[in-house]
Amino acid sequence: MTQTIFMVGARGAGKTTVGNALAKALGYKFVDTDLALLCTSGLSVADIVEREGWEGFRRRETETLKAICSPFTVVATGGGVVLSRENRDFMGQNGTVIYLRSPASTLANRLEDAPLEDQRPTLTGKPITEEMTEVLNEREALYQEAAHHVVDGTQEPQRVVNLIMDALALSMAR
Ligand SMILES: Nc1ncnc2c1ncn2[C@@H]1O[C@H](COP(=O)(O)OP(=O)(O)OP(=O)(O)O)[C@@H](O)[C@H]1O
Ligand SMILES: O=C(O)C1=C[C@@H](O)[C@@H](O)[C@H](O)C1
Ligand SMILES: [Mg+2]
């Protein structure tokens with residue numbers, strides 16, 4: 001198994017929640033590109049987007065992804081990390097990529113319960129279920145392309161961790 005594990009998926013997929021629990025289970029470090037960006041810049045996603053547009057945020061996200069990649073680490077990425085070929089290639093070449101997959105309705109329900117508007121400013125200006133449907137239509141193929149393993153993210157977090165551990169153990173055995 002490669003020593004860096006990248007969690008990818010849409011907003012609300014559980015990259016931060018499950019990634020953190022996975023790191024504990026493996027005895028790995030946990031880092032999160034959204035949180036690292038907040039810490040280093042002192043700016044929320046909403047602040048960065050207001051000042052620099054989504055283009056500025058995506059540029060900073062790529063720099064952060066590269067800076068925080070290290071051995072024995074679980075990296076929770078931002079939901080849009082797969083939009084860039086550079087990021088997809090980087091993750092594929094430097095670790096194992098896990099796609100946490102859930103339908104738009106599940107993602108929308110989670111995001112309604114925990115909106116965190118500063119970290120998740122609207123992407124489309126549309127209501128949340130419509131937004132997540134649109135986002136998945138645009139990105140599903142990219143998440144699939146980037147992933148070494150696609151995992152059912154609708155299960156409760158500890159179960160998702162177990163599914164990932166099973167997938168990693170199976171790929172080691174190959
Ligand atoms: N497997 C799960 N089952 C139930 N609730 C979950 C699960 N995973 C995450 N959640 C809940 O959904 C919300 C979003 O989770 P989380 O912040 O981990 O998503 P994320 O993929 O990191 O999103 P973002 O891309 O915005 O950073 C949180 O309130 C979290 O508790
Ligand atoms: O899906 C997205 O494009 C995003 C997801 C979040 O993790 C943040 O990275 C940011 O709000 C953008
Ligand atoms: Mg997150």
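How do the residues of the shell around ligand 1 divide into nonpolar, polar and charged? They divide into six nonpolar, eight polar and seven charged residues, where Ala, Val, Leu, Ile, Met, Phe, Trp, Tyr, Cys and Pro count as nonpolar, Asp, Glu, Lys and Arg as charged, and the others, Gly among them, as polar. The legends below describe a predicted model, in which local features need pLDDT of at least 70 and side-chain atom pairs count only at pLDDT 80 or more, while totals for chains, interfaces and linings use all residues. Residues are numbered from 1 along each chain as its sequence is written, and chains are lettered from A and ligands numbered from 1 in the order in which they are written.

**View 1. The protein chain as a whole.** The protein chain has seven helices and five strands, which are DSSP runs numbered from the N terminus (helices, H or I, of at least four residues; strands, E, of at least two). Read from the N terminus on, the elements follow the order β-α-β-α-α-β-α-β-α-α-β-α. The radius of gyration, taken over C-alpha atoms, is 15 Å, close to the 16 Å that the globule rule gives for 174 residues, so the protein chain is as compact as a globular protein of that length; the rule is 2.2 Å times the number of residues to the power 0.38. Along the principal axes, the C-alpha atoms fill a box of roughly 45 × 35 × 25 Å. Of the 174 residues, 35% count as buried, a residue being buried if 20 or more other C-beta atoms lie within 10 Å of its own, exposed if 12 or fewer, and partly exposed in between, with C-beta atoms placed from the backbone.

**View 2. The shell around ligand 1.** Ligand 1 is surrounded by 21 residues, of which the closest are Gly14, Lys15, Thr16, Thr17 and Arg110; a residue is near a molecule if its C-beta atom, placed from the backbone, lies within 6 Å of it. The elements that give two or more residues to this shell are H1, H5 and H7, and the largest share, four residues, comes from H1.

View 3. An unreviewed UniProt entry lists Gly12, Ala13, Gly14, Lys15, Thr16, Thr17, Arg120 and Gln155 under "binding site"; UniProt positions are given in the numbering used here, feature names are shortened, and annotations may be inferred rather than shown by experiment. These residues are spread over 144 residues of sequence and are also spread in space, up to 22.8 Å between C-alpha atoms. Threonine 16 is found in helix H1 and is partly exposed, because 19 other C-beta atoms lie within 10 Å. Not counting residues up to four places away in sequence, threonine 16 touches Asp32 and Ala76, contact requiring C-beta atoms, placed from the backbone, within 7 Å. Glutamine 155, in the loop between strand E5 (149–152) and H7, has 15 C-beta neighbours inside 10 Å and therefore counts as partly exposed.

View 4. A "binding site" annotation from the unreviewed UniProt entry covers Asp34, Arg58, Gly79 and Arg139. Aspartate 34 has its place in helix H2 (residues 33–41) and is buried, because 22 other C-beta atoms lie within 10 Å; not counting residues up to four places away in sequence, aspartate 34 touches Val45, Gly78 and Gln119. Arginine 58 lies in helix H3 (residues 45–68) and, with 19 other C-beta atoms within 10 Å, is partly exposed.

**View 5. The largest nonpolar core.** This core has 32 residues, and those with the most contacts inside it are Met7, Val8, Ile98 and Tyr99; a nonpolar core is a set of buried Ala, Val, Leu, Ile, Met, Phe, Trp, Tyr and Cys residues joined through C-beta atoms within 7 Å. Elements that each supply at least two residues of this core include strand E1 (4–8), strand E3 (73–76), strand E4 (96–101) and helix H6 (128–146). Not counting residues up to four places away in sequence, the residues that valine 8 touches include Val97, Ile98, Tyr99 and Tyr143.

Technical notes:
Two residues are in contact if their C-beta atoms, placed from the backbone, lie within 7 Å.
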